[in-house]
Amino acid sequence: MTVRRGLHIFAGVLLLVGFVILGLSVDERPPPVDVALADAFRGQHTEPAGQVAGLVTNVLGPVLPFVLGAVLVVLAWRRRDLTVLCVKLAVVLLLCRMTSLVAKPVFYRERPREFPDLSYPSGHVVAVACTGFVAVLLCAWTRPHLARLAIAIAAAATVAGALCRIVLGVHWLTDTAGSVLAVGGVGLISAAGLGLLPLPKDPA
């Protein structure tokens, strides 16, 4: 294991520790920032802003990992030289996506308003963040000159997805922050473990 790979794994572990600490600290009582935002957007899910947010989260949500997974399958089929890379990326995508499914029953946090399923972390934000994370890796390995653009798009999409979930009143701010910590932690550890990090070269 190279020093740089070890640093990526260490950073991932720190993010996961942060995810757990955050989840435990907000499990029973939401912090003031959560309450303030929930109060500010209370009832907006029935207003035009909430309707727009709902439409956005239909796109920026659980469908994204499936779309990227399909892209990886097609890419692996058309470019046999990229098959191993695509398989590794698919594994990272799956592991990152599973963070919300595994963690929600552990923390058992209620939503800001009555809504099915548990709250921490946000499955929608996890879906957007893990898709963005793997898309950045894909660009970094196949189109390095697009990596920075991919990072910007992934970050913007994650923030937009998180904001929409808060506007809809179905997640606390800390739910969305925890999602990013979880995906970042699992993503760094799994990508480094599979040899996807460090990157082959810095993006131009």
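pLDDT is the predictor's confidence in each residue, from 0 to 100. This is a predicted model, in which local features need pLDDT of at least 70, side-chain atom pairs count only at pLDDT 80 or more, and totals for chains, interfaces and linings use all residues. Residues are numbered from 1 along each chain as its sequence is written, and side-chain values use heavy atoms, with hydrogens and water left out.

**Start with confidence.** Colour the protein by pLDDT. The mean is 95, and 98% of residues reach 70 or more. Helices here are DSSP runs (H or I, at least four residues), as are strands (E, at least two), numbered from the N terminus. Among the elements, helix α8 (residues 173-193) has the highest mean pLDDT, 98. Helix α3 (residues 48-59) has the lowest, 95.

**Select α3, residues 48-59.** The end C-alpha atoms of α3 are 17 Å apart. The expected span is 1.5 Å times one less than the number of residues.

**Now find its two faces.** Buried means under 20% relative accessible area, exposed over 50%, and partly exposed in between (1.4 Å probe, protein chains only). Which residues of α3 are buried? They are Gly50, Ala53, Gly54 and Thr57. They cover an arc of only 105° around the axis, so they sit on the same side of α3. That arc is taken from the directions from the helix axis to the C-beta atoms. On the face turned away, look for the exposed residues Pro48, Gln51, Leu55, Asn58 and Val59. Next, show α6 (123-142) and α7 (147-167), which are among what covers the buried residues of α3.

**Zoom in on Thr57.** Its relative accessibility is 5%, so Thr57 counts as buried. Contact means heavy atoms within 4.5 Å. Leaving aside neighbours within four places in sequence, Thr57 touches His124, Gly161, Cys164, Arg165 and Leu168.

**Move to the salt bridges.** A salt bridge is a side-chain nitrogen of Lys or Arg within 4 Å of a carboxyl oxygen of Asp or Glu. The structure holds six.

- Select Arg79 and Asp81: their closest N and O atoms are 2.9 Å apart. Arg79 is partly exposed at 35%, while Asp81 is exposed at 57%.
- Select Asp175 and Arg109: here the closest N and O atoms are 2.7 Å apart. Asp175 lies in α8 and Arg109 in the loop between α5 (83-107) and α6, so the pair ties together parts 66 residues apart in sequence. Both residues are buried.
- Select Arg111 and Asp117: this salt bridge is 4.0 Å, N to O. Arg111 is buried at 11%, whereas Asp117 is exposed at 52%.
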